[in-house]
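Here are my notes on the model, point by point. Please read them with the structure open.

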Amino acid sequence: MDPSTFDFAGFYRERVRAASRPERPPDYWDGRAASMSERGFDTPYVRAFLARLDLAGCSTLLDVGCGPGTIALSAAPRLAHVYGLDHSPNMLAAFAANARARGLTTATPILRSWDDDWTDVPVCDIVVASRSTAVPDLEAALVKLHVVARRRVYVTYPADGHLVGDDVRRALGREASALPDYLCVVGLLHQLGLRPTLDYLPGENRLAEAADFEEFRARIDRLLGGLSVDEVPRLEAYFDERRGRPPASEVRWALFSWEIGG
Ligand SMILES: C[S@@+](CC[C@H](N)C(=O)[O-])C[C@H]1O[C@@H](n2cnc3c(N)ncnc32)[C@H](O)[C@@H]1O
């Protein structure tokens, strides 16, 4: 393979198709809005993300796939205005409620999908997509972020392509990558003429909080988009073996950032 001519964008699209990940329409995210709003803000991931945001010389921020506003609303006190774009009405309702609870009048929700027309989406100094790039065509999504950014873009993507750690996947007998590896994103950005900085953020080990096997199974099922009949007893054996201890392997996020015109 010659990396200078390899079609990273096409490879990515093909891998996503092959992984046959479940569709996650707005109503799936609507159902997650309350819990994400309640527990999503003060976490190691969000703290690490905010610590890496360079807001120097910036007054506006657009957060794509903003959810309840974890990134945009946390950064808002340091900015003149923030916008949260999401396709889930409940996430945007949580965004608005969280802005009010913080006394912020400088936060605007935008009901929109990655696939929609973004012609009227405001160009902002900083554009962020945090844990929200699960799209079939990542190249198109990255270009969209770039076009609405004036100064800098920040994007996170599951490092190693997994939302569930190696040990759980091994216990299930799943060795293959669920998503294209983040190295594919490096290649894709490079071919778009962008020179990203790469960093890593800690994931959140929500699996460790499962009170019993049913809760653990439900969480894995949701993250993987379904478990087969054969996989459930394998997962139960894994859970019993590790009882009281979190899954061994942490899931990390790759953080890509780049300067506009840089
Ligand atoms: C895992 S949450 C991340 C929320 C927040 N950015 C964070 O990091 O805490 C993913 C968010 O992306 C949104 N999302 C998923 N697919 C989308 C799409 N096609 N268009 C717009 N938003 C989308 C979901 O509604 C959800 O709020």
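**Notes on the predicted model**

1. Strand E1 (residues 60-64) and strand E4 (residues 124-129) pair in the parallel sense, over three bridges. Leu62 stands opposite Val127 in E4. E1 also pairs with E2 in the parallel sense, over five bridges. There, Leu62 stands opposite Tyr83 in E2.

2. How many residues of E1 are buried? Five of the five are, so E1 is largely enclosed by the rest of the structure. Both faces of the strand are covered. Thr60, Leu62 and Val64 are buried on one side, and Leu61 and Asp63 are buried on the other.

3. Now the whole sheet. It is open and has seven strands, in the order E3-E2-E1-E4-E5-E7-E6, with mixed pairing. Strand E3 (107-111) and strand E6 (197-202) stand at the edges. Each has a single partner strand, so one side of each is left without a neighbour in the sheet. The twist averages 20 degrees from one strand to the next.

4. Leu198 is partly exposed, with a relative accessible area of 34%. Leaving aside neighbours within four places in sequence, Leu198 is in contact with Tyr182, Ala254, Leu255 and Phe256. The C-alpha atoms of Leu198 and Trp258 are separated by 9.1 Å, and these residues are 60 apart along the chain.

5. Two helices deserve a check against the sheet. Helix H7 (residues 138-147) lies across E1, E4, strand E5 (149-158) and strand E7 (252-259). H7 runs at about 150 degrees to E5. Helix H9 (residues 182-191) lies across E5, E6 and E7, and runs at about 10 degrees to E7.

6. The largest nonpolar core has 35 residues. Which of them touch the most other members? They are Leu62, Val64 and Leu145. The elements giving two or more residues to this core are helix H1 (8-19), E1, strand E2 (81-86), E4, H7, E5, H9 and E7. H9 gives the most, with five residues.

7. Not counting residues up to four places away in sequence, Leu62 touches Tyr83, Leu85, Ile110, Val121, Pro122, Cys124, Ile126, Val127, Val128 and Val148. A second, separate core has 29 residues, including Ala76, Leu79, Phe95 and Ala99.

8. On aromatics, the count comes to twelve pairs. One of them, Phe216 with Tyr238, is stacked: 6.3 Å centre to centre, with 15 degrees between the planes. This pair links distant parts of the chain, 22 residues apart. Phe216 is in helix H10 (residues 213-224) and Tyr238 is in helix H11 (residues 231-241).

9. Ring pairs link Tyr45, Phe49, Tyr154 and Trp253 into a cluster. Elsewhere in the listing of ring contacts, the charged end of Arg102 sits over the ring of Phe41, 4.3 Å from its centre.

Definitions and conventions: Residues numbered from 1 in each chain as written. Predicted model: local features only at pLDDT ≥ 70, side-chain atom pairs only at ≥ 80, totals over all residues. Heavy atoms only, no water. Phe/Tyr/Trp six-rings, centres within 6.5 Å; stacked < 30°, edge-to-face > 60°. Helix = DSSP H or I, 4+ residues; strand = E, 2+ residues; numbered from the N terminus. Lys NZ or Arg CZ within 6 Å of the ring centre and 35° of its normal. Pairing = 2+ DSSP bridges. Axes fitted to C-alpha atoms, helices over the stretch in contact; angles between N-to-C directions. Contact = heavy atoms within 4.5 Å. Core = buried A, V, L, I, M, F, W, Y, C linked by side-chain atoms within 4.5 Å. Buried < 20%, exposed > 50% of the residue type's maximum accessible area, 1.4 Å probe, protein only.
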